[in-house]
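The sequence and structure are shown first.

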Amino acid sequence: MDMQVKTPSSPMQKVMDGLRAWARINSPWVIHYNSGSCNGCDIEILATLTPRYDLERFGVKLEGSPRHADVLLTTGPVTLQSRDRLLRIYEQMPDPKFVVAIGSCGLSGGVFHDCYGIVGSIDEVLPVSAYIPGCPPRPEAIIQGVVALLQSLKPK
Ligand code: SF4
């Protein structure tokens, strides 16, 4: 049996944990993946990242590699074809990692619910930390969802 002994954390360890949490909350790097969306939600994500809506003011940076990303922004239902790629991207991300499901299709399958090529909603494949409903959700709603996720990561 694998036994883990819990040791009390040192003051230095606490400082380092606080520093990591501060950096994670103030500079999350996000990666975006479309697992079967009609592209409507994806266009809203891109609009959210433009200077007009300026998601960067919260320190959010779009990242191309899952190995450097903290947050996975996912759109659309999960299709049979994209399921393994979605899982592979998630597994390549370092811990701790968070998934944000964007749009009604990601939350429930939406208009694609019960189609022959659809596995289902994103949370049927991955653990989801934040849900942003809408078809498609407006950039303001995406910003609100991402900021709510970051707020929830603050140490209590
Ligand atoms: S929620 Fe609407 S805009 Fe987004 S992928 Fe589904 S149908 Fe397209």
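## Contacts and overall form

Counting contacts in the chain between residues at least 6 apart in sequence, 81% join residues at least 24 apart. The model is predicted. Of the 156 residues in the chain, 35% are buried, and the C-alpha trace spans about 55 × 50 × 25 Å along its principal axes.

The secondary structure comprises 5 helices and 7 strands. Read from the N terminus, these elements follow the order α-β-α-β-β-β-α-β-α-β-β-α.

## The sheet

An open sheet is built from 5 strands in the order β2-β1-β3-β5-β7, and its pairing is parallel. Its edge strands, each pairing on one side only, are β2 (61-62) and β7 (130-132). In general, the strands of a sheet pair through backbone hydrogen bonds, either parallel or antiparallel.

The pairing of β5 with β7 is parallel and extends over 3 bridges. Within this pairing, Val100 has Ala130 of β7 as its bridge partner.

## The nonpolar core

The largest nonpolar core contains 28 residues, and Leu72, Val99, Val100, Ala101 and Ile102 have the most contacts inside it. Two or more core residues come from each of β1 (29-34), α2, β3 (71-75), α3 (83-92), β5 (98-102) and α5 (139-152). The largest share, 5 residues, is contributed by β5. Nonpolar side chains tend to be buried together in soluble globular proteins.

Leu72 illustrates the contacts of a core residue. Leaving aside residues up to four places away in sequence, Leu72 touches Ile31, Tyr33, Ile89, Tyr90, Met93, Lys97 and Val99. Val99, one of these partners, is likewise among the core residues with the most contacts.

## The ligand shell

The ligand is surrounded by 13 residues, of which Cys38, Gly40, Gly103, Cys105 and Cys135 are the closest. Both α2 (40-49) and α4 (104-108) supply at least two residues of this shell.

By class, the shell consists of 6 nonpolar and 7 polar residues, with no charged residues.

## The annotated domain

An unreviewed UniProt entry carries the annotation "domain: NADH:ubiquinone oxidoreductase-like 20kDa subunit" for residues 38-149. Over residues 38-149 the chain is 32% helix and 18% strand. The C-alpha atoms at the ends of this stretch are 25 Å apart.

Methods
Residues numbered from 1 in each chain as written. Predicted model: local features only at pLDDT ≥ 70, side-chain atom pairs only at ≥ 80, totals over all residues. Near = placed C-beta within 6 Å. Helix = DSSP H or I, 4+ residues; strand = E, 2+ residues; numbered from the N terminus. Nonpolar A, V, L, I, M, F, W, Y, C, P; charged D, E, K, R; others polar. UniProt positions renumbered as here; feature names shortened; annotations may be inferred. Core = buried A, V, L, I, M, F, W, Y, C linked by C-beta atoms within 7 Å. Buried ≥ 20, exposed ≤ 12 C-beta atoms within 10 Å, placed from the backbone. Contact = placed C-beta atoms within 7 Å. Pairing = 2+ DSSP bridges.
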